[in-house]
Amino acid sequence: MNILSTLAALTPILAVFLFLVLLRLPAVRAMPISLALTAAMAMLVWRVPPVQVLAATVEGLIIAVSILWIVFGAILLLNTLRASGAIDAIRNGFMHISADRRVQLIIIAWLFGAFIEGAAGFGTPAALCAPLLAALGFPPLAAVALALIANSSPVSFGAVGTPLIIGVGEGLQAGGEVAPAVQAYLGERALTQFLQNIAVQVMQVDLLVGSFIPLLLAAMLTHFFGANRSWREGLAIWPFALFAGLSFTIPAMVIAAIFGPEFPSLLGGLVGLMIVTPAAQRGFLLPRQPWDFGTVAPTAGFTSQLSLARAWLPYLLVAALLVLTRLDFLPFKSWLQGVTIGWTQILGTTISASFAPLYLPGTIFVVVVVMTFFLHGMSRSQAAGAFNRSAQMLAGSAVALGAAVPMVRIFINSGVNTAGLQSMPIELAGQMVGLMGQAWPLAAPLVGSLGSFISGSATFSNLMFSLFQFSVAEQVGLSAQIVLALQVLGANAGNMICVVNVVAAASVVNLLGQEGRIIRLTLGPMLYYVIWAGVLGLVLATAL
């Protein structure tokens, strides 16, 4: 690759940072410009055929529709619960657990979010947790940014292990079979056993990385959104924050070792909630003085005719339905996945796109909304008002996601070209190999985060880069297990800043136009996660 082709490959990344982060344009303006630039560079410099670019754009639009359905369902659920009075009851409930906003943040974003990630994945935790935090009185910007940061460690095993089972598992295949080099490395071992070993390796590193995320959340909350702009007020909760961090990471590591990659986030989040919630009620490891934003008294009450159990029932139904529809040994998953919408071999290319509308979390949200209408005794006017508000909030997201996702798909599908180059992400990653050598563990998480940042999915990142990461490990004499674990951890980190997740989460709290501010807040934690994971990976690889 020459300088021009390198710049062309970097166009999606540079454009997003230039327009969203530096120039602070709203996503509804920044993403269409970025899409146009990426398409132009792909055709002019990378020499991708126009029909390939157009097919990738169509693919992106199909994927964007599926994401918008999830966002709409999350917004509709929130507005329905607001109309029924459930949100006011939930506010009161959290005040009885703890009036401390730091504690509320950790329980909702870190632990409840981990449980939802384990059940559904694909951006669902931020779509649920951000509006819940906002409804509890958190500033919308804090709700979105901190929910995205919290949705990091659990991503390894999101959607019942999809990033590992599908992402890494299929990413290590070539032509429908395990790649020959990978098979030679495995010997008599099955690929499933190798994936379980990677899962355990992921949690061993994350025990020293992810366990500190709750403390980071509390510190960022008090510094960026507190009246005193104080780091110290957040760090003061360090015993409880570390306790909450370990209450997820330790069970997740044990579950990964015993059961494999399907349930560490789902069961780890549930175990964490069962441990941390009663501890918080008893004030265990908490400072005597609860922390608030300084604008609302911690003891403030909210009027609601609903009991706390009825108020929480819709969220519990969402969690239960997500779990029941994602377990392979139950028939519901195959039934719901049997109905698909899509286009095979778009415009005569090898690109295909489809989604199962009934299987998407958005459908579950809508089903629960209908159930809530009866469970909470809502009037027709309340339901109609919630629907209208939700539809209006979705308009800006449609433009932003309708440009962001096609841009990503052009980037990924650029391997079909007449310039003699591989796809843009693979070429960029390949350039890094010559620079790093034996220090590759420092770069491996960065490659994983690049994949998530661009594709909007840790699963897609692992699909793109797992075989590449394995090949690099073999070339430079490093443990493939460690390097692939670092790929997975890097993909987690990229979730914090990826445009697709940021736009989707911003949409549900009506923050369209603030995407650049969100990324500026999540960029630091993303770098912490990538760098610290890389350093630990290098230490482990060197020690072997």
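A salt bridge here is a side-chain nitrogen of Lys or Arg within 4 Å of a carboxyl oxygen of Asp or Glu. This is a predicted model, in which local features need pLDDT of at least 70 and side-chain atom pairs count only at pLDDT 80 or more, while totals for chains, interfaces and linings use all residues. Residues are numbered from 1 along each chain as its sequence is written, and side-chain values use heavy atoms, with hydrogens and water left out.

The structure holds 3 salt bridges in total. In another of them, the side chains of Asp292 and Arg101 meet at 2.9 Å, N to O. Asp292 lies in the loop between α14 (264–281) and α15, and Arg101 in helix α5 (residues 101–119), so this pair ties together parts 191 residues apart in sequence. Helices are DSSP runs of H or I with at least four residues, numbered from the N terminus. Both Asp292 and Arg101 are buried.

Arg409 and Glu59 also pair up through their side chains, at 3.2 Å from N to O. Since Arg409 belongs to helix α18 (residues 380–412) and Glu59 to helix α3, the link ties together parts that are 350 residues apart in sequence. Arg409 and Glu59 are both buried.

Conventions: Helix = DSSP H or I, 4+ residues; strand = E, 2+ residues; numbered from the N terminus. Buried < 20%, exposed > 50% of the residue type's maximum accessible area, 1.4 Å probe, protein only.
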